[in-house]
Structure formats: C-alpha cells, structure tokens
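Please keep the sequence and the structure in view while reading.

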Amino acid sequence: MLKDMMPHFELFQPADLANAFDLLDRFGEDCWTIAGGHDSLGWFKDRGKQPSAVIDLAGIPGLEGIRETADGVEIGAMTTLTEVERHPLIQEKFGLLAEATRMVASPQIRNSGTLGGNLCQDARCWYYRYGLSCYRAGGNTCYASAPEAINREHCIFEGNRCVAVTPSDPASALVALEASMVIRNSRGERFVAAEDFFMKPSVDITRMTVLEPNDLLTTIRIPNTWAGAEFYFEKVADRGSWDFPLVNVAAALRVEGDRIERASIVSGGVQCTPRRLEQVEELITGRDRNDETAELAGALAVRGAEPLNFNHFKVPLMENLVKRAVRDAVA
C-alpha cells in the first residue's frame, strides 16, 4: 500500500447547509465529509478511502458553538474539542463531558478536532485501516480475531464478525449523560439517542454510526437530566496523550447522603459501541455507596466478557475502573 500519497479528489467548501445537502445528494457514497480532518487525512494518505469528492464543512455557519436551552445544552457538531473542554457551562453542569474531552489525543489535535468528527470517526483496527479485506471492508473474515492476531486493543464483549471498538472518549460520556444527536439531510431532520447513534456490527458491519451517506450530524443535545450530578471519568491508554482508550469509564450518579438514588455508567474500548452497564446501574441503585457496593458493581460489569488472545487484561482493568467510578464519583 502506498503511504503519504493522496488520491485525486474534488474539494467542495459549501457556504451553507442547503449547498452541502445538494452535494451529498449529488455524490452519495462517492463523497466524504471532513470536519477537523485528523481521521480523514489518515485515510486519504494511506489510500484506504478514495472518494471522488470531499466536502469541507468548516465554512458552514451555525454548526459550531455551545448554547444553553430551557432543557439543557446544545453543542454544534463542528465545535472544537478544546472549546467543549473549556466552556464554563459544560464545566459547571456537565463536567463528565469536559473531562472526557480533555482526555482526547493532544492539545494540538483538540484545538482543531471537532466533537462531531470525534464521534463519527471510523474504527481504528489496523487490519482494517491497512486495507485488508475484512468483514468491515466488505470481505469475509476478521483478521483481528484469528488466534495469532494482535488484538490487545479489541473488544471483550459482543464481537460479531468484527471485533473493533469505538475509539471515542466523548462517546462514553454522552451516552452516560443520555444525550441525543440531531441528524439532518435534504429531506429533514431526525433525533437519535446517543446510545443508538453507534452502530452494532450485528446490524450493519460496514458502519460505525447510523449516519447514511447523505446525512450530517449537526448538533448534540444534552438534557438537564444529569446536570450537576456526581461524575467520574477515567481513561487507561498506552500513552498519556495522543492515544486511544484501552478502556474508559464514564459515570453519572445521583446520591442522597450515602444512598445511590440513580446511576448511569458506560464503558468504552470494550465493544464496538459504548457499553451501557444497565445491570450495574440497577444493582447499585438504592444501595449505600461503599466498598462493598463498588466491589459488586465491578464484578457484575465484566460478567460475560469474552476476551481475545491478547486482551485478557481488559477484564480486570474494566472491573477496577467501574469500582472506582462507583466509589469516587464527585460533584
């Protein structure tokens, strides 16, 4: 495979959404939309993706910014990760997202990378990225699940032909915060819960999200459901920066005294989509927050895990992260 040589494509820079939708309808699956560009440029240089048209969304007004609403907060999909991380409203009401965003890559990438782009990035599996004809690429095998494969970064739950995991840290936080995604195309708009935005390989193995070729993610809405709750986010990666999660955990808790009244806990890096730990949430609701409850939560979180040859370490890692999330979440 040739490296660092981009294929030819036409670059379009629409001035408004109507123009963007015209282009999306015109080129269909032969076009590629670009936000911050970090994921896209890697694909182009490796010739893993060869679109005939690239649509740059940077010049479209209204796709960035953070706005408080009567029901919560709206974040434009083109808002940079740095702005999300540092915005006073996000820090005050939804510190979980601010912390998750702070853990993405490096300051340089966060300064230009967008929240929408981070949520929509493709799988990071190197077999897929290097152009092998795996299931996700339309082939008939998964190279990462072979006995001799290097699969330490891959899933321990719900592997269905593809064992790649979602690479986004903010994704886990947004699912925990019960956010919703606003998706628009030339025919209108629809709203999809963050938990349903990410595509299971058992449904469509070629896509990481529910976005169709002519769709755009325009806005992320976070309701006030968890505003000001006790939060916990932790990410474990091989490096302290510029790296994707081996496992992360995002938790939001409502606590009265020592009693857990409600909980929302999500783990990333363990399956293709952010994994909502509903059984753990049910277990700890109504219990006192203490070491015993944390131990029970951690043990339940990893029940049913099916690690691959080289990622058994993810099981105790996830268990311990869930324990800490239950025990150490703070307002």
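## The antiparallel sheet

Val-182 stands opposite Phe-191, a residue of strand β7. The model in which this is seen is a predicted one. Strand β6, which covers residues 180-185, pairs with β7 in the antiparallel sense, and 6 bridges join the two. In general, the strands of a sheet pair through backbone hydrogen bonds, in either a parallel or an antiparallel manner.

These two strands belong to an open sheet of 5 strands, arranged in the order β4-β5-β8-β6-β7 with antiparallel pairing. At its edges lie β4 (66-68) and β7 (188-193), each of which pairs on one side only. On average, neighbouring strands of this sheet are turned by 20 degrees against each other, direction ignored. Helix α1 (residues 17-27) packs on the sheet, where it touches β6 and β8 (216-223). The direction of α1 makes about 125 degrees with that of β8.

## Two assigned domains

The domain assignment of the protein gives domain 1 as 9-55 and domain 2 as 230-328. Taken over C-alpha atoms, the centres of domain 1 and domain 2 are separated by 37 Å.

## A pair of packed helices

Helix α12 (residues 291-301) packs against helix α13 (residues 314-328) at an angle of about 145 degrees, and their axes are 8 Å apart. The crossing of α12 and α13 is right-handed. Residues of α12 that take part in this meeting include Asp-291, Ala-294, Ala-297 and Ala-301. On the side of α13, the residues met include Met-318, Val-322 and Val-326.

Ala-297, a residue of helix α12, has a relative accessible area of 0% and is therefore buried. Leaving aside residues up to four places away in sequence, Ala-297 touches Val-280, Leu-283, Ile-284, Val-322 and Val-326. The C-alpha atom of Ala-297 is separated by 29 Å from that of Thr-209, and the two residues are 88 residues apart along the chain.

How many disulfides does the structure hold? The number is 0. A disulfide is a covalent bond between the sulfur atoms of two cysteines.

Cys-155 is in no disulfide, and the nearest cysteine sulfur, that of Cys-162, lies 7.6 Å away. For Cys-162, the closest cysteine sulfur is in Cys-272, at 5.6 Å, which is too far for a bond. The cut-off used here is 2.5 Å between the two sulfur atoms. Cys-155 counts as buried because its relative accessibility is 4%. Cys-162 is buried as well, with a relative accessible area of 9%.

## Positive phi angles in loops

Which value does phi take at Ala-105? Phi of Ala-105 is near 45 degrees, a positive value in a residue other than glycine. Ala-105 is found in the loop between α5 (95-102) and α6 (107-112). With 15% relative accessibility, Ala-105 counts as buried.

Arg-161 is not a glycine, yet it has a positive phi of about 70 degrees. The loop that holds Arg-161 runs between α8 (126-129) and α9 (169-176). Is Arg-161 buried or partly exposed? With a relative accessible area of 42%, Arg-161 is partly exposed.

Note on methods:
Residues are numbered from 1 along each chain as its sequence is written. This is a predicted model: local features need pLDDT of at least 70, side-chain atom pairs count only at pLDDT 80 or more; totals for chains, interfaces and linings use all residues. Side-chain values use heavy atoms; hydrogens and water are left out. Buried means under 20% relative accessible area, exposed over 50%, partly exposed in between (1.4 Å probe, protein chains only). Two strands pair if DSSP finds at least two bridges between them. Helices (H or I, at least four residues) and strands (E, at least two) are DSSP runs, numbered from the N terminus. Axes are lines fitted to C-alpha atoms, for helices over the stretch in contact, and angles run from 0 to 180 degrees between N-to-C directions. Contact means heavy atoms within 4.5 Å. Domain bounds come from an automatic or database domain assignment. A crossing is left-handed if the near helix is turned anticlockwise from the far one by less than a right angle, and right-handed if clockwise.
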